[in-house]
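The sequence and model come first.

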Amino acid sequence: MTTTRGDAWTPAIDPARRPLYLQIVEAIAADVRSGALREGDRLPTQRALAGAIGVDFTTVTRAYAEARRRNLLDAVTGRGSFVAPRRDPAAPPLDLSMNIPPAPKGLRLGELISRGVAEISARSNVDLLMSYHPGAGSAAERAAGAAWLKRTLGAIDPERVLVASGAQSAIAAILSSAAEPGDAVLCEPMVYPGLLSAAAQLRLEVVTVAADSEGMRLDALAEACQGRRPRVLYLNPTIGNPTTVTMPEKRRRAIASLADAHGLKILEDDPYSPLAPDAPPAFATIAPGLTFHVATVSKCLAPGLRTAFVVAPGPVERGRLAEALRAISLMAPPLMTALLSAWIRDGVADQLLAGVREEAAARQALARKSLPGAAAHPNGLHVWLPLPAHWDRRGLADQARAQGLAVTSSDAFRAGGPAAEAVRISLGAVPERARLAAALTTLAEILADGPKVLRDIV
C-alpha cells in the first residue's frame, strides 16, 4: 500500500522479502490497477524514492527500468517518469526483449506435445507422474540428460547428471551449495540477470572481472583473486548473454588453469551450445573436476519445458547440489521431464533443435541487414547493439517503446561498474519473420533519425 500519489508516492517495502526492486514494480502495478496512481502521475525521482524507502539508488533504477519494460511507466527526457497510458491490449508492443527460441518452421509444437503426452499416458503410471518425485531425477531422466549432453560433453555417466527445474533453480542451488553468505562470486561486467538475483538472495558478493572480445580477461581474473577468496567463477562462454561473445578454446584452458590454482569452482551456464555447432570445448570437458555445467533446454527448444540438466564436479558436490535443489524447488516437473525425455529418446528433440537453429539463422540474417553494427552469432537468439555516441541506452529504449518496440538496455545485465551504452535485441519472441523484419527496420530508422525528446503523451 502506498502513502500518496504522484511525486510523493511511497510504496511500502518489506526489507526481508527479496528482491526489493520487484516489490517496487509490483507496488506500481497494484496502485495503477487500484487507481491510487493514474495516467500522467509523475513518480518521485529515483534518488528521492531511494531515500524515502531506504533502499539503494540502483534498486530503484532497476525497478523503474522493469516498470518501463512492462509498459507501466513512460520516461520523458528531462522531466521524469510518468504513469503510462493504458495501451490497447489488442496492440501490445513487439517483444524484442525476451530471449526465447523461435518456433521452428514445419513442426507443429502443439501436435508434438499432444502426441507425446498421449504416449506417456499410455506407457506410464499417471498417478506416479502426478506425485512428488524428490531427488535428482529418475534413472530414465538422467539417461536422457546424458544423451542430450553428449553433443557438448561427449559420453557421460548418467549417474553424474542431475535434473533441475530450469537453469535459474540450478544456478541458485549451485551457489548455495558451493558458497557461504559473504563469499565472492566472480563474473563479467555484463551478465545474465538471474545470476545477480540469486547472488543477492544468498547474500553473496558479486565481483566483476573485466572482459574483452574473447571474454573474461586473464589478468583481470588473476587480480580479482588477490586479497580475497572467491568461491565461484560464473561463466557463460558460448554465445554469451548479452554480449554474444564466444570464448575461444585457448582462453578457456588458461582460465581453467587459473581457477584451479586459486581453488575456484566454475559455474558454466551453457544454454546456447546446442545452437552453436562450432562451439569450443566446454569447461566441463576441459576441467571436469572444477566445473558445474548447467544446460537448460529453455533457450534451444522451448521455455515451457522448464528442465535443465546439470553435471557436478564430483560425488561430494553432487550430493550437496541434490540437497540444495530439493530445498529450492523439490523436483523438476515430472510431466515436462517425462515429455522431454521421450522427445530426446525418439529424436523429436533433435528435430526441434534443428528447426530452431534454422529459424534463428534466418532471423540473424534479417538482423544483419537492418543492424549491421550489432554483435551476433549466426545461430544465436539475440544481438548486442553498441550505440553511436549521440544515443544513450535508456533514451533508445524509451524511443523504441514509443514506436511499439520493447528492447532491453544494458542496465538489466550490469553486474558492476558503468553500464555499457548498448541494448540487447532478442529475435525469437516475435512469431512471424515479416513482423520481425519490420520491427528491426523501425529500430534502424530510430537509430538513424537520432534522439528525440519524448513528448508528454498522457
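## Second largest cavity

Trp 148, Leu 149, Thr 152, Asp 270, Pro 274, His 293 and Ala 295 line the second largest cavity. Two elements each give two or more residues to this lining, helix H6 (139–153) and S11; H6 supplies the largest share, three residues. Helices (H or I, at least four residues) and strands (E, at least two) are DSSP runs numbered from the N terminus. The volume of the second largest cavity is about 40 Å³. By class, its lining has four nonpolar, two polar and one charged residues. Here Ala, Val, Leu, Ile, Met, Phe, Trp, Tyr, Cys and Pro count as nonpolar, Asp, Glu, Lys and Arg as charged, and the others, Gly among them, as polar.

## Model and numbering

The model is predicted: local features need pLDDT of at least 70, side-chain atom pairs count only at pLDDT 80 or more, and totals for chains, interfaces and linings use all residues. Residues are numbered from 1 along each chain as its sequence is written, and side-chain values use heavy atoms, with hydrogens and water left out.

## Largest cavity

The search of the whole structure finds two cavities of 30 Å³ or more. A cavity is a set of points, on a 1 Å grid over the protein atoms alone, where a 1.4 Å probe fits but cannot get out; lining residues have an atom within 4 Å of a point. Points are joined across faces, edges and corners, and a volume is the space filled by probe spheres set on them.

The largest cavity holds about 160 Å³ of space. Its lining comprises 15 residues, of which Glu 188, Met 190, Asn 236, Gly 240 and Asn 241 are the closest to its centre. Nine of the lining residues are nonpolar, five polar and one charged.

## Thr 296

Thr 296 lies in strand S11 (residues 291–296). Thr 296 counts as buried because its relative accessibility is 6%, buried being under 20% relative accessible area with a 1.4 Å probe and protein chains only. A polar atom of its side chain lies 3.0 Å from the backbone nitrogen of Ser 298, and a polar atom of the Thr 296 side chain lies 3.5 Å from the backbone oxygen of Thr 307.

Leaving aside neighbours within four places in sequence, Thr 296 is in contact (heavy atoms within 4.5 Å) with Ala 167, Pro 271, Thr 307 and Ala 308.

## Leu 387

Leu 387 sits in the loop between strand S14 (382–386) and helix H15 (393–402). At 12% relative accessibility, Leu 387 is also classed as buried. The C-alpha atoms of Leu 387 and Ala 422 are 5.3 Å apart, with the two residues 35 residues apart along the chain.

How values were computed:
Buried < 20%, exposed > 50% of the residue type's maximum accessible area, 1.4 Å probe, protein only. Polar contact = N/O pair within 3.5 Å; in protein donor to acceptor, adjacent residues only side chain to side chain. 1 Å grid on protein atoms, 1.4 Å probe; cavity = no way out; pocket = protein on both sides within 12 Å on 5 of 7 lines; lining within 4 Å.
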